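Colleague: I am new to this structure and would be grateful for a guided reading. May I put some questions to you once it is shown?

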Amino acid sequence: MQHGKYRFIVGFLALPLAIYGVFVISPFIQAIYYSFTDWTGLSPDFKMVGFQNYQRLWDDEVFWKSVGHNVLLLVLPLVTLGLGLFFAFMLNVGGRRRKNAAIAGVRGSSVYKVVYFFPQVLSIAIVALLFQFAYNPNSGALNSFLKAIGLDSVQPDWLGDPQLALWCVMAVMVWCNVGFYVVLFSAGMSSIPKDFYEAALLDGANRVQTFFRITLPLLWDTVQTGWVYMGIMALDAFAVIQIMTVGPGGPDYSTEVLAYYLYTKAFRDGQAGYATTLGVALLIVTMIFAGIVMKLGRRERLEY
Amino acid sequence: MGSTSEFGRRDLIKRAAAIGLIAVPSMSVLSACASGGDSGNSNQVDKGEKSATNPLAINEGAPLDVVIFDGGFGQQYAKDAEAEYGKVFPSSKVSHSATQKIQSTLQPRFNGGTPPDLIDNSGAEQMDMGTLVGKKQLTDLNALLDAPSVDDPKKKVRDTLRPGVVEMGQFDGQETWILYYAYTVYGVWYSKTNLRKLDAQYPETWDEMLAVCEKAKKKGIAGWTYAGKHPYYLPFSLYPFIAKIGGREVLDKIDNLEPNAWKDPAVKSAFEAYYELYKKGYILKGTPGLTHIESQTAWNEGKALFLPNGSWVENESKKTTPKDFQMAVGAPSGLDKSDKLPFGTIWASGGEPFIVPKNAKNPRGGMELLRIMLSKKSSQNFIKQVSSLTSLNGGTEGLTLPPGLASSQEALTKAGQNVVNPRIQDWYVALQKEKIGVAAIGELMAGRATPDEAIAKIQRFADDTAKDASVKKYRHK
């Protein structure tokens, strides 16, 4: 029955592929097409301008700045996943040994698990607003805290300071994403058979060794998915930038990212054609990132 | 069924998932842009019967579709005017909607050729006027301006407006594309009470300004604060200051994007004066990290004396303003006696731009509603509700104005002919807001750029804009 196989598969895939084609692929192609026009976004009348938009992109200082910030934001997955792994390990494996159990989390781990997940429940808009209050240089929580511990002279402008602004944004993104990965990795860890740990402990392995020799390799698939997912989040970063930052996108373009720049061009300046060019650039950056991650992350899959 | 093992189910799913992950965010950005079909003018409703109550000859039965920006002025004033409209044309169904997201709501409708009949195109998501005009998307409002006004049928609507309002709505030719409904006075806002507590008068020269700030500093009060996160509030007092020092031509040259317009000595003196505020520590600590609301609140709390802002601030900060605050607006303090224009020179211009799209179904209805809004009754209703002036000249007789508004009216009277109106704000939004505002003046006032550096930077930005073919250019006539 080999010959019917393809028809069978096609039968099942036709509808989803058609939907995917209409709603995902065709906007892509349309966007690429628009990036060669001078479309304003405010009227259906426009003409082809060839590579003019791309030439402009190449000379656009702000564009290169945004790309730089996006690349810098890729530090985020490293920190977020690192923290996520660490916390998840502590919650599941890192605790003191108790009776009848080879491994256990630190005391109160079930409570922590819930607490870590809290930020994930809050909408990103609320998180950004709350942090905006915390970063307020006059009455915000951070500077009040600094004052309370006697650091009256250290009162940074936080989001108002071009040196600090982007880091402030990153801190918020890490804060609200770590919880999700703690839960994700916890789920992954609980499916690792306990005997592995028992055996390792009998052989005299300490916690660090069990983490690097057992937990991490067996969790690799999950980590890799998390990495891609988090990376894409970092390449976007739109909501936090728009709600929190000076300008937004400032001060002095210090927090400008591609997604926000695209938005201002399309929806403020009436240059939808150029905005789609930026969109194509964002797509390319995303593809490169995904490619690198897939390549680096390829490892032998362990079955257990 | 054949075996599917050679397809590597797991690989397939993994790859599909990865592609999906990439696709989702990129798609959401890209697919926001997609243009609709052709625009046609064929779906416009028929003309109605012209009469004394219906000078624009609107179709009495046709529905009217109105979209209002729901910002600092709210939407009630528009609803009230629509009710008036309903009284005159009872068979016309008015559909009203209000949003803060003007562009994202209306862009698809413009592209699809089905825009509403009247739009208050305002706020952070304002649609770019130059583009709308350039792409012939708007109706010429001269028909409305030449129609008799509601209160005095012998007078045309045009002749009942404040000076400069009609010109602001014109671009290159004689057509009037925009009608600014609100009238905004920009300047240095302060509390008479707080100044009195310091035994000080509103300063008329920069030396006096520095003296008042010094006095305040000794009491632990800052001289100035501003919307540090939106430093494009600073020009509200800075630009008329430049005009006062060097004359109107300096601002006109800046608006015209002329080469070296910013290298004018008047610009340099003004920048240096403002930079002195920073250097002498007269600016409220932490100001560069404050939003407009946060800076207004700090100002209301008496932490700082002066705040560059527009006349909407009275309504916007209503909740945080103490009862005895006595809000007032001052024209920018001058530099010294050699200033070209007298003290009192102030920036005032129309706000809340109303437009009637060209492809609207009922454009005459949209204009008629505007005509009703420009009657004394609706205008006073607006003034009372949101404490801002309207473009209707006068119209304040018999009203008890709140302190800030009363002071705006006084300032306008005092300024007389010396009202300036820098157009860079509506002609070149990107240049004015994010480049000059955030990246140069913001940096200057935070002390991270010297006046010379800021000016050089702005000149470069202005030159870039002048060279940029994708930005439509305007000039003063």
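Colleague: Which residues of helix H10 (residues 248-255) of chain B are buried?
Modeller: Please note that this is a predicted model. Buried here means under 20% relative accessible area. In H10 of chain B, the buried residues are B:Val250, B:Leu251, B:Ile254 and B:Asp255.

Colleague: Why do the buried residues of H10(B) line one face of the helix, and within what arc do they fall?
Modeller: The view to take is down the axis of H10(B). The buried residues line one face because, in that view, they fall within an arc of 135 degrees.

Colleague: Which elements of chain B do the buried residues of H10(B) pack against?
Modeller: Their partners in chain B include one strand, S10 (419-420). The helices they pack against are H9 (235-246), H11 (265-279) and H17 (424-427).

Colleague: How are the rings of A:Trp58 and A:Trp64 arranged, stacked or edge-to-face?
Modeller: Their centres are 5.3 Å apart, and the angle between the planes is 85 degrees. Planes over 60 degrees apart count as edge-to-face. The arrangement of A:Trp58 and A:Trp64 is therefore edge-to-face.

Colleague: Is A:Trp58 buried or exposed?
Modeller: Over 50% relative accessible area counts as exposed. A:Trp58 has a relative accessible area of 62%, so this residue is exposed.

Colleague: How many residues apart are B:Phe171 and B:Tyr474?
Modeller: The two rings form a tilted pair, with centres 5.1 Å apart and planes at 55 degrees. B:Phe171 is in the loop between helix H6 (165-168) and strand S4 (179-191) of chain B, and B:Tyr474 is in the segment after helix H19 (451-467). The pair links distant parts of the chain, and the separation is 303 residues.

Terms used:
Residues are numbered from 1 along each chain as its sequence is written. Chains are lettered from A and ligands numbered from 1 in the order in which they are written. This is a predicted model: local features need pLDDT of at least 70, side-chain atom pairs count only at pLDDT 80 or more; totals for chains, interfaces and linings use all residues. Side-chain values use heavy atoms; hydrogens and water are left out. Buried means under 20% relative accessible area, exposed over 50%, partly exposed in between (1.4 Å probe, protein chains only). Helices (H or I, at least four residues) and strands (E, at least two) are DSSP runs, numbered from the N terminus. The arc is that of the directions from the helix axis to the C-beta atoms. Contact means heavy atoms within 4.5 Å. Rings of Phe, Tyr and Trp (its six-membered ring) pair if their centres lie within 6.5 Å; planes under 30 degrees apart count as stacked, over 60 as edge-to-face and the rest as tilted.
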